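Today I went through the charged side chains and noted which of them pair up. Here are my entries, in the order I looked things up.

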Amino acid sequence: MPGTCVIGLQWGDEAKGKLVDILTEEHEIVVRYAGGANAGHTVVSDGQTWKLSIIPSGILRDGVACVVTGGVVLDPAKVIDEMDGLESRGVRMHGKLQLSDRAHVVFPWHVVEDRLLDGSLSGGGAIGTTGRGIGPCYRDKVGRSLAIRLGDLYRPDFRAKVEHVVDFKNRLFANWPGAAPTPLDAAAIHAQYAAYAKRLEPHIADTTAFLLDAVEAGRRLLFEGAQGALLDIDHGTFPYVTSSNSSGVGVSSGAGVPGRWIDRVIGVVKAYSTRVGGGPLPTEQDNATGMHLRERGREYGTVTKRPRRCGWFDAVATRYTARLSGVDELAVMLLDVLGGFDELKICVAYDIDGRRTTQFPSQIADLEKAVPVYETLPGWREELDGVRAETGLPANARRYVDRIAELLGRPVSIVSVGPDRQQTIIRDRTAAARPWHSSQPANA
Ligand code: IMP
């Protein structure tokens with residue numbers, strides 16, 4: 001079976017980019033299937049740092065095809081920026097990158113609407129979006145009448161479509177309460193996007209057909225999740241979510257590849273919790289612990305540079321998303337960040353209205369009331385960034401990893417102790433079921 005998925009099980013930023021980069025070695029095609037320029041993937045390789053947003057990190061490897069499917073909302077200016085940045089550092093794009101003609105295009109009006117509407121949640125409050133026009137573009141996709149897909153940029157009626165949408169949006173903006181946004185100029189937007197279209201033309205493809213041919217020919221595909229499962233539009237912490245299916249359930253619809261072609265799902269977790277933007281984070285530590293995690297983990301948004309909210313690992317939330325995403329095995333990232341704590345806490349249940357539960361609530365009002373029930377584990381003082389084998393991990397670090405595996409009901413097959421490719425401990429599949437604490441240090 002040819003398909004592997006990498007899915008973030010928290011609120012995004014689980015260091016999926018690093019893992020995808022490593023796994024790319026064993027795959028021929030890397031597929032980005034949801035989200036847009038709201039995502040930020042950092043890959044560190046041979047001392048070089050690469051920051052990618054829409055283009056899969058597989059682009060850094062020769063012989064790997066990278067596919068951005070119709071489930072993605074695509075901002076052409078951002079993609080072109082990324083292409084320019086990569087090309088200026090010697091990364092070849094031609095013949096490697098395909099962009100779906102079905103992908104919906106992010107236009108300037110989407111960015112304006114994102115700014116106007118975030119903060120207008122009923123009852124007050126803000127989602128705290130990345131401001132990249134993601135939600136408004138997906139809204140127009142679902143609404144259909146005002147949607148423009150990448151393939152439309154090459155049709156003779158493209159200009160008429162832009163004029164139609166701009167006319168509608170300008171009337172909407174003119175009636176906006178308070179300061180109305182500057183009216184959109186259809187001719188200028190058309191000219192700008194026609195130029196983008198020209199630049200992107202060699203990469204436009206029917207990616208669904210390409211991927212179906214690929215799986216039927218037994219080629220190995222790696223599906224790269226964006227954001228995390230708790231931000232899933234249908235199954236996440238609604239309304240504080242993104243606008244796509246960012247959990248494992250979104251792979252098939254976003255890529256157009258049936259689930260029967262996927263045989264390995266890797267759930268990626270940070271060794272603690274983070275969240276950017278609004279919405280509940282039950283284990284949040286708005287204190288010295290949280291600050292310590294933020295500084296050690298360099299927890300600042302890749303896209304927006306916002307400081308991330310930090311807290312203890314939440315096994316209730318991640319057990320839910322591991323089940324939801326059909327996870328077979330786990331990758332525990334940023335374990336090194338936890339060094340230096342005497343004690344570590346893991347949330348194993350919530351108390352909601354005096355009732356103890358291990359079930360993740362479906363309603364945001366319940367999650368907002370959830371009081372975490374913690375289990376305390378002993379910490380470790382050693383720095384882990386130089387560790388390259390599981391026997392090099394302190395016993396308490398191995399116990400911590402084992403407890404995550406136990407609570408989530410899945411083996412941990414990968415542990416990451418730093419941003420570089422080398423700072424990764426990968427177990428072979430035969431070792432996966434064995435507890436980490438059972439492996440003895442070489443000098444024991
Ligand atoms: P949007 O996707 O820009 O609409 O933002 C919706 C919510 O998802 C906000 O809370 C964002 O901070 C969050 N979000 C979107 N993309 C990412 C990501 O790549 N990492 C972490 N949070 C994200």
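I began with the total: I count 30 salt bridges. I keep in mind that this is a predicted model.

Entry: I looked up Asp21 and found a salt bridge to Arg61, with the closest N and O atoms 3.6 Å apart. This pair links distant parts of the chain: Asp21 sits in helix 1 (residues 16–23), while Arg61 is in the loop between strand 4 (48–52) and strand 5 (65–68), 40 residues apart. Are the two partners buried or exposed? Asp21 has a relative accessible area of 1%, so I file Asp21 as buried. Arg61 comes out at 14%, and because buried means under 20%, Arg61 is buried as well.

Entry: Next I checked Glu163, which forms a salt bridge with Arg159, the closest N and O atoms being 3.2 Å apart. Both residues belong to helix 5 (residues 158–174) and are four residues apart, about one turn of the helix. I noted Glu163 as partly exposed, with a relative accessible area of 39%. Arg159 is also partly exposed, at 39%.

**Entry: loop to strand.** Then I turned to Glu284, whose salt bridge with Arg309 has its closest N and O atoms 3.0 Å apart. Glu284 is in the loop between strand 12 (273–275) and helix 9 (288–296) and Arg309 is in strand 13 (residues 309–311), so this pair ties together parts 25 residues apart in sequence. For Glu284 I wrote down a relative accessible area of 28%, partly exposed.

Notes
Residues are numbered from 1 along each chain as its sequence is written. This is a predicted model: local features need pLDDT of at least 70, side-chain atom pairs count only at pLDDT 80 or more; totals for chains, interfaces and linings use all residues. Side-chain values use heavy atoms; hydrogens and water are left out. A salt bridge is a side-chain nitrogen of Lys or Arg within 4 Å of a carboxyl oxygen of Asp or Glu. Helices (H or I, at least four residues) and strands (E, at least two) are DSSP runs, numbered from the N terminus. Buried means under 20% relative accessible area, exposed over 50%, partly exposed in between (1.4 Å probe, protein chains only).
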